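Please read these notes with the sequence and the model side by side, taking the numbered points in order.

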2 protein chains.
Amino acid sequence: MKPEIKQLRDKLKGLGLNGMIVSNPISIKYLTDLDAEGILIIDPKENLFVTDSRYIESVNNNLTIDSEIVACDRKEMSKYDYEAIFEGLGDIGFEENYVTYANYKKYLEMFQVNLVETEGLIESQRIVKEPEEIEKLKKACEISDKAFEYIIKNIKKGMTEKQIAFELENYMLSNGADGIAFPSIVASGENSSMPHAVPTDRVIKENDIILFDFGAKYQGYHSDCSRTVFVGNIPDEQRKAYDFVLDEQQKIIDNFKEGTNIKAIIRNRETDYSLENIEVMHSFGHGVGLEIHEAPTLNSKVDNVLKKNSIVTVEPGVYFAGKFGIRIEDTCLIEKNQCITLTKIGKTITTINLI
Amino acid sequence: MKPEIKQLRDKLKGLGLNGMIVSNPISIKYLTDLDAEGILIIDPKENLFVTDSRYIESVNNNLTIDSEIVACDRKEMSKYDYEAIFEGLGDIGFEENYVTYANYKKYLEMFQVNLVETEGLIESQRIVKEPEEIEKLKKACEISDKAFEYIIKNIKKGMTEKQIAFELENYMLSNGADGIAFPSIVASGENSSMPHAVPTDRVIKENDIILFDFGAKYQGYHSDCSRTVFVGNIPDEQRKAYDFVLDEQQKIIDNFKEGTNIKAIIRNRETDYSLENIEVMHSFGHGVGLEIHEAPTLNSKVDNVLKKNSIVTVEPGVYFAGKFGIRIEDTCLIEKNQCITLTKIGKTITTINLI
């Protein structure tokens with residue numbers, strides 16, 4: 001049995017739950033390594049994966065005796081089979097943050113149990129990465145780092161944001177990525193002032209600022225990185241803003257390690273922002289792994305302590321509507337005594353030449 | 001106001017609902033053309049889109065006076081603002097097939113209303129495509145058709161399934177697609193017997209069968225197409241199976257038009273399958289549009305009548321575990337008197353040469 005399932009079973013016991021219905025495909029991938037639609041049923045006797053005829057052959061090919069997971073085609077499951085699974089077991093957990101209201105009602109009917117909210121149990125467990133998960137995340141970061149190094153040397157005169165994004169993504173896909181982590185942001189000039197800009201047909205010009213936000217997906221795991229670079233001259237206000245953002249990012253990284261109180265660190269950053277009269281336009285970071293955004297969130301509202309072997313992004317940014325924006329972001333590993341950036345592209349102020 | 005919102009407002013009135021909370025980003029894209037996270041609130045006075053600071057600038061740039069949509073940053077919304085929206089309005093619709101159980105409870109608290117299930121109201125409306133939607137779907141089909149024509153002329157000796165899938169997707173992305181419709185299936189030899197195979201490192205060999213299932217995404221709309229081709233000799237049992245599948249597909253296409261009872265047509269196909277002792281491994285098709293799988297489903301269980309200007313796939317397949325599989329699929333437009341395939345790649349039995 002994967003350590004991830006063992007751990008979940010222990011936690012369910014601790015909560016007084018005799019079983020759980022796992023519905024989120026991300027949770028299923030995490031617990032079983034399977035890429036298939038279905039529901040994973042954790043009950044005292046077994047781990048049962050109910051899938052459908054499209055997946056059953058490949059699921060059976062991927063499971064071994066060590067998986068300790070029984071797979072079955074939902075066509076083989078009768079109304080009575082579902083009712084028998086949890087019979088007499090009382091409260092059963094479900095994923096209230098994934099299951100729709102319609103499916104909640106369907107499960108009640110199918111399993112004839114009392115469904116209990118598990119308050120992000122699996123999401124919390126996923127915060128602390130297993131060694132193999134960290135290896136996959138490192139590999140994803142390596143791929144996106146190389147793609148960025150390639151792209152900033154290959155921006156030709158006349159290229160548009162869209163073309164640059166395409167080349168960047170194409171490089172990742174041709175160099176080991178299974179997919180892109182999310183649609184890349186390449187935002188130039190005034191477009192950079194929108195934190196969530198979509199690449200446009202705007203042509204890169206001399207004296208532009210370009211904000212990149214991109215990542216690679218490797219065996220299900222995501223990297224996430226932002227860099228802001230300059231073409232030609234750098235106006236003083238942009239240089240000043242860049243130094244501010246870089247300094248804020250470094251302060252967070254310097255303070256992050258196992259046990260850090262996230263709220264306190266982020267509150268200090270918000271104070272820095274308000275002293276400069278700069279609006280905080282988005283969070284300072286987020287967990288990353290099988291999802292591009294996952295627990296923990298980095299904000300000043302929730303009391304949250306950093307855990308060893310968790311992976312988070314650190315991404316302060318400043319945005320001046322209609323003018324420009326700057327963001328610097330790394331994917332970082334939290335260790336006992338420090339925070340290590342897994343994305344390793346240089347952050348000193350960078351001017352690129354159009355070729 | 002987009003005709004899609006007007007139509008929804010009329011339908012809500014017909015159901016005796018005074019408003020609706022729209023949460024699914026696909027519904028929001030459909031109703032507003034906006035690509036942004038948030039919730040769209042339809043109330044008697046206005047259409048209100050509550051988004052966050054990451055999107056507010058780009059949302060405002062994309063809305064015009066004709067949109068008749070007010071956008072606001074959720075930071076500006078107080079507890080009382082939310083409560084005031086539907087005050088005294090009674091039952092309000094929500095998307096029970098999208099909203100999680102956790103968010104259902106949150107909405108109850110936020111809006112202080114009685115939430116009523118709308119039974120796939122927007123999904124049903126989306127079945128009948130507007131003219132601009134059909135144009136976008138046609139363009140997506142054109143792109144994937146060209147990519148397939150390219151790839152079958154460019155399979156080199158020694159290429160793996162993964163490499164072929166990459167080249168196919170790369171061609172679509174370089175020739176007008178905004179994205180791929182879904183991860184492509186390129187399944188060769190015995191791998192083709194898994195309806196949902198994932199491309200592997202298996203090298204294409206002489207006398208292989210290759211099953212392709214792929215599509216392009218264009219302005220949010222998806223094409224979906226499957227073809228099965230042969231390298232070198234075609235064993236008799238594979239030729240016979242191919243003819244069977246092609247014949248079954250043609251029977252469906254010949255029978256599909258406005259008003260067709262889907263159940264009856266599919267039931268006839270299931271009879272053909274059982275006469276040949278072949279298992280039906282997946283549905284014979286599905287609606288396609290802003291989602292790769294959307295309403296209607298094509299099966300023999302639900303009484304469903306085809307509507308004019310709906311777009312569906314027609315995709316019979318046969319699979320012999322550990323041996324081979326064959327699927328032929330087109331994206332089709334339902335018209336008053338006929339069904340037109342929008343994917344137009346030839347379907348006569350095809351042998352390709354490795355180059």
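Predicted model: local features only at pLDDT ≥ 70, side-chain atom pairs only at ≥ 80, totals over all residues.

**Notes on the two-chain model**

1. A salt bridge (a side-chain nitrogen of Lys or Arg within 4 Å of a carboxyl oxygen of Asp or Glu) joins the side chains of A:K75 and B:E279, with 3.2 Å from N to O. Side chains of opposite charge can pair when their charged atoms come close.

2. Residues are numbered from 1 along each chain as its sequence is written, chains are lettered from A and ligands numbered from 1 in the order in which they are written, and side-chain values use heavy atoms, with hydrogens and water left out.

3. How many residues of chain B are in contact with chain A? There are 32 residues of chain B in contact with 32 residues of chain A, where contact means heavy atoms within 4.5 Å. The area buried between the chains (the accessible area, with a 1.4 Å probe, that two parts lose on being put together, summed over both) is about 2600 Å², and carbon and sulfur atoms give 56% of that area.

4. Between chain B and chain A, 14 residue pairs are in polar contact, both residues being at pLDDT 80 or more. A polar contact is a pair of N or O atoms within 3.5 Å; within protein, one must be able to donate a hydrogen and the other to accept it, and residues adjacent in sequence count only if both atoms are side-chain atoms. On the side of chain B that touches chain A, the elements giving two or more residues are α3 (56-62), α5 (101-111) and α8 (161-174) of chain B; helices (H or I, at least four residues) and strands (E, at least two) are DSSP runs, numbered from the N terminus. The residues of that side divide into 14 nonpolar, 11 polar and 7 charged, with Ala, Val, Leu, Ile, Met, Phe, Trp, Tyr, Cys and Pro counted as nonpolar, Asp, Glu, Lys and Arg as charged, and the others, Gly among them, as polar.

5. Helix α8 (residues 161-174) of chain A packs with α8(B) at an angle of about 180 degrees, their axes being 12 Å apart. Axes are lines fitted to C-alpha atoms, for helices over the stretch in contact, and angles run from 0 to 180 degrees between N-to-C directions. The angle therefore makes α8(A) roughly antiparallel to α8(B) (under 35 degrees counts as roughly parallel, over 145 as roughly antiparallel, 65 to 115 as roughly perpendicular and the rest as oblique). A:F166, A:N170, A:L173 and A:S174 of α8(A) make the contact with B:F166, B:N170, B:L173 and B:S174 of α8(B), and by class this contact has 4 nonpolar, 4 polar and no charged residues.

6. Within chain A, the side chains of A:E237 and A:K323 also meet in a salt bridge, at 3.4 Å from N to O. This pair links distant parts of the chain, 86 residues apart, with A:E237 in helix α9 (residues 236-255) and A:K323 in the loop between β16 (317-320) and β17 (324-327) of chain A.
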